[in-house]
Each structure stands twice: as C-alpha cells, then as structure tokens.
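Let's walk through this protein together, from the overall fold to a few individual residues. Have the sequence and the model open as you read.

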Amino acid sequence: MRGAPGRGGAQRPLTALHWTGGVAMIARPKLGAYKARARFMRRKIVAGNWKMHGSRAANAPLVEAILAGVTSERMSCVICPPHIYLHDTWRVLRGGVVALGAQDLCAEAVGAYTGEVSGAMLKDVGCTYTLVGHSERRTLFGESSALAARKFAAALSVGLIPILCVGEQLSDREAGRTEGIVGSQLEAVTQLSGVQALGGAVIAYEPVWAIGTGRTATPEQAQEVHAFIRQRVAAEDAKIAAGLRILYGGSVKAGNARDIFAMPDVDGGLIGGASLKADEFLAIVAAA
Ligand code: PGA
C-alpha cells in the first residue's frame, strides 16, 4: 500500500540507489557524458525544515496548501515538522506526492534514553527522510560529527533516507577552512558507514552564516562547495558521487531559489523560514 507508515512514507522516493542502477547499465561512458547524464537523472528535492515552529491549528492549513500545490513527481518535496506533529502531518500527506521527514533522530535503536525518538519510531509514524547533523543541533546542542555519523547510520539501518547537513561557520570561511570543515563532517560519516552509504542518502550544504540570517550564499559560492563535496565523494566512488543529491540551505527564498538551483551541482534546497509560508514554499518548489 502506497503511503503506509513504515513503508516508505507518502511517496516512493527516488533514491540515488534506485537510479544509479540505471547509470550502471551505460557501458563505460566518457566522464563528461557520464556527469551530464547523471545530472539529468538526479531528481531535485526541496525539503522544508519547520524547526520549532507550528501548532496543530497553524499546521493544518499549511500542510493542506502545500499538498494542494505540489501535484507532480518531477521533483521530490519533503516537509519536516517537529516530532510531535509528524503523525498528524502524515495523516494529511498520505497517498500524495509530498513526503514526510523528521528533523533529528536518536543514534540508539531502543532503550532507556529519556526524551529521545528512534529511527524506527519515525518510520512507524510515516517518515521517509530525516535530517541529520543540522547546524543548530551541532552548535546549540553540542552534537559532534561523530554523533551525527552514528545518527546517519541509525537512520539508514531502519530504511530512512538521511539528509546529512554540513557547513562551515563564518569564521571558518574567512579563515579559508570551508573545505576542511565540510570535508571532515563528511568523512565522519564515510568512515563509519562507508562511502556506499551515501547512495541511500542526501547531503545538504548549509553555510552556518547563511542560516536564518537573510544572507544567502551566492549561487557561485554554493556551487563551489557542492562541487567540492561531489569531487570528495568521487575520489572514493565516482558512481555514488554522480548520483548524490546535494541540497543548498541558508536563506533560500522564492526570489533567489531559481538561480541557486540552476547551478550544476545544486540538486535542490533545504528551506527553513520560507517553508512556513505556503505561497513562498510552493514558489521555491516550482523553481526546482
Ligand atoms: P533558513 O534555514 O532557510 O531559515 O535560513 C535553513 C535551515 O536551517 O535548514
């Protein structure tokens, strides 16, 4: 049954794993052709991260409006409400083309972890995706890259698609450490789970200085880091890298989404503030 909790959520996600199977059928393509084809086949994702916003009264019309506005499966649309509203949201989304995602999960599978929510529970209430290692988790709640890597593994182990968030602070960028920081956040995951694990995942590059600040990275700044991430992964596995969806996040709005999404290594966006207004979010979805 389509859309049942625990069975992939509200839509059948086109994961990198699915389509890299298609790419594998191409007999030894030249690198340029391979990359061009891969880009064409990477279905864009727009994911809304509501953070700690919402109420039952406010969520209902927002979810209804998003569901009514997203009618095609040419791209993937995901919304990530707070845990407490996940199941309510799934009840509205089920059977439609908008998928449900969580904002975080526990690295442990089950047990005496007061206040935590496991990946299996998220699956159980209809989630297809979960954010992992969002910068607010890292900076405000002291989550290390090692913990994010364990959460990433926990998500995959129950069949959730992790959206791994990476990104540098402004001071890192100014000191020329962007690639070092992003590379080490990525490496924590690949060391624990192996690079092949990225075949079932999504990455979100979110420069911390652009989150909630209204100061977005330029399309070129985003592209530079996205290309770095893809090359980093390609050094270990070119096929996984070619299929990997890399989202940009940080003050994406209806007015700047199209230019950012047009960059060759940008495969959509992770949207915070602008995902709380249906019209704005749907305009971003339309730009993908
Ligand atoms: P923002 O947040 O769009 O409000 O900058 C993005 C995010 O934190 O995912």
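A word on burial comes first: a residue is buried if 20 or more other C-beta atoms lie within 10 Å of its own, exposed if 12 or fewer, and partly exposed in between, with C-beta atoms placed from the backbone. Buried residues make up 46% of the 288 residues in the protein. Please keep in mind that this is a predicted model, where local features need pLDDT of at least 70 and side-chain atom pairs count only at pLDDT 80 or more, while totals for chains, interfaces and linings use all residues. Residues are numbered from 1 along each chain as its sequence is written.

Now for the fold. The protein has 13 helices and eight strands; helices (H or I, at least four residues) and strands (E, at least two) are DSSP runs, numbered from the N terminus. Eight strands close into a barrel, in the order S1-S2-S3-S4-S5-S6-S7-S8, with parallel pairing. Two strands pair if DSSP finds at least two bridges between them. From one strand to the next, the twist averages 25°, where axes are lines fitted to C-alpha atoms, for helices over the stretch in contact, and angles run from 0 to 180 degrees between N-to-C directions. Among the contacts in the protein with a separation of 6 or more, 74% come from residues 24 or more positions apart; a contact here has the C-beta atoms of two residues, placed from the backbone, within 7 Å.

Let's look at one pair of strands. Strand S1 (residues 45-49) and strand S2 (residues 76-80) run parallel and are joined by five bridges. Isoleucine 45 has serine 76 in S2 as its bridge partner, and asparagine 49 stands opposite cysteine 80 in S2. How many residues of S2 are buried? Five of the five are, so S2 is largely enclosed by the rest of the structure. Ser76, Val78 and Cys80 point one way from S2, Cys77 and Ile79 point the other way, and all are buried.

Of the 13 residues around the ligand, Asn49, Ile211, Gly249, Gly272 and Gly273 come nearest; a residue is near a molecule or strand if its C-beta atom, placed from the backbone, lies within 6 Å of it. This shell has five nonpolar, seven polar and one charged residues. Here Ala, Val, Leu, Ile, Met, Phe, Trp, Tyr, Cys and Pro count as nonpolar, Asp, Glu, Lys and Arg as charged, and the others, Gly among them, as polar.

Lysine 51 lies in the loop between S1 and helix H3 (56-69). Its phi is near 50°, a positive value in a residue other than glycine. Lysine 51 is partly exposed, with 18 other C-beta atoms within 10 Å. Serine 251 sits in the loop between strand S7 (245-249) and helix H12 (254-261), and has a positive phi too, near 55°. With 20 C-beta neighbours inside 10 Å, serine 251 counts as buried.

We finish at helix H13 (residues 278-287), where Phe281, Ile284, Val285 and Ala287 are buried. Seen down the axis of H13, its buried residues fall within an arc of 160°, so they line one face of the helix; the arc is that of the directions from the helix axis to the C-beta atoms. What covers these buried residues includes S1, H3, S2, H12 and strand S8 (268-271).
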